[in-house]
Amino acid sequence: MQKRVLLSENDLPDRWYNIIPDLPAPLPGPLNPATLEPLKPQDLAALLPQKIIEHEFSQERWVDIPERVRDVYKIWRPSPLVRASELERALDTPAHIYFKYEGVSPSGSHKPNTAVVQAYYAAEEGVRRLTTETGAGQWGSALSFAGSLFGLEVNVYMVKASFEQKPYRKSLMQSWGAQVFASPTARTESGRDILAQHPDSPGSIGIAISEAVEDALSRDDTKFALGSIMNNVLLHQSVIGLEAKKQMEIMGEYPDAVVACVGGGSNFAGLAYPFLQDRLNGERPRTRFIAAEPEACPTLTRGKLAYDFPDTAGLTPPLYMHTLGHDFIPGSIHAGGLRYHGDAPSLCLLKEHGLIEARAFPQTEVFEAAVRFARSEGFVIAPESAHGLQAAVVEALAAREAGEQRVILFNISGHGNFDLAAFDSFLAGTLENPTVTDEQIAASLGNLPSPSPSAAV
């Protein structure tokens, strides 16, 4: 039995796949944060490089990957596809389980797939400095790496809970020359406002975005880079699924279920969207797509579909998405990259049309799956990725109960080498399961923006 598939550099995709023209309904557009009227591309000029704005609003199904970006991709791409045969044995399942492994990148996750692109276009435009947010540190690490390649200064606002839980992520970013700040900080007005109200705030990705955006808008030589949720990011991540389709073809199989974790949606879309194209055009109508998220931040399973700000201070364009409210502060789970209050609008639209299923898991259940995986397949994976793993395990056990040989493909978005303190806690029996009540969600949803009737969906 073939264990893994390694593509050559010649198999690296030369175009990204854009799902927007294939969606089952028009995608509600972003709003101007100042007026709450429909956003025009030029409204983003002070915040994003021009080419990134073009990608954000593109209606083209295929977008060319620049040769310089492909050259950088070759440092770690194509990434391997692996048959999880030892996990299959451990679960005693007839299912065939495959995983795409994105932990081979320099920063250890899928995030450089878009970080390199955003840094490349910023440098081409003459930008000197980039600001960004990061939750667990995977995105901040990726942008720090990309910035070092293109001679850019990178300033990272890292969610304080993760800053304290994962100190070596900070060291990694600093090794690539970035400055890293524990958010909320006293450096920005939005950070100071949060600290005035909540001096011990653990922070959130929404708060960190506010600080990074405020920083970027304060200087002419600076642009902002976002690691998830936006159309352009999901576009760039499609290299994952495009490679995986070739690899599954080599294995002579096609997935019955495609699974990944969801924080904002970048790694899920990166793997799933090229396969979703086959379902949307009728070629593979029965393939299922499963998004896994934490019970402590259940955006897809308990959030409201509405316009909301991607950041806490309301500086960014409101998006039509499943949201828990932009001032929602999740519990301090170790999957910091999933502690986000909203999701990519295209992913939310697909869920509303019944094309994506969503499941939420408690933290201890996720770590139990991660330890089982380490003891069968050998990889210690990120807590974020372990949510997708647990959803794949549930599918594999369902196949066992049904006595069916199903094919399951899931994405490991990153390794867990910087998350060992969390594994220590789990193995010692001290890991907790933060929860969120309906009352907490309702209170947070009470502050959503109110678009005019002409702008509202």
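Colleague: Is C261 buried or exposed?
Modeller: C261 counts as buried, at 2% relative accessibility. Buried means under 20% relative accessible area, exposed over 50%, partly exposed in between, with a 1.4 Å probe and protein chains only. This is a predicted model: local features need pLDDT of at least 70, side-chain atom pairs count only at pLDDT 80 or more, and totals for chains, interfaces and linings use all residues. Residues are numbered from 1 along each chain as its sequence is written, and side-chain values use heavy atoms, with hydrogens and water left out.

Colleague: Switching to rings. How many aromatic pairs are there?
Modeller: The search finds 16. Rings of Phe, Tyr and Trp (its six-membered ring) pair if their centres lie within 6.5 Å; planes under 30 degrees apart count as stacked, over 60 as edge-to-face and the rest as tilted. One of the pairs is F99 with F410, which is tilted, at 5.8 Å centre to centre and 40° between the planes.

Colleague: Where in the chain do F99 and F410 sit?
Modeller: F99 is in strand β5 (residues 96–101) and F410 in strand β15 (residues 407–412), 311 residues apart. Helices (H or I, at least four residues) and strands (E, at least two) are DSSP runs, numbered from the N terminus. F99 and F410 are buried.

Colleague: What about F373 and F410?
Modeller: Their ring centres are 6.2 Å apart and the planes are at 75°, so that pair is edge-to-face. F373 lies in helix α15 (residues 363–376), so the pair ties together parts 37 residues apart in sequence. Ring pairs link F99, Y101, F373, F379 and F410 into a cluster.

Colleague: Which ring does the charged end of R284 sit over?
Modeller: That of Y254, 4.1 Å from its centre. The test is NZ of Lys or CZ of Arg within 6 Å of the ring centre and within 35 degrees of the ring normal. R187 lies over the face of F181, at 3.9 Å from the ring centre.

Colleague: Last one: how many residues of α16 are buried?
Modeller: 14 of its 20, so the word "mostly covered" applies to α16. Just after α16, G403 takes a positive phi of about 65°.
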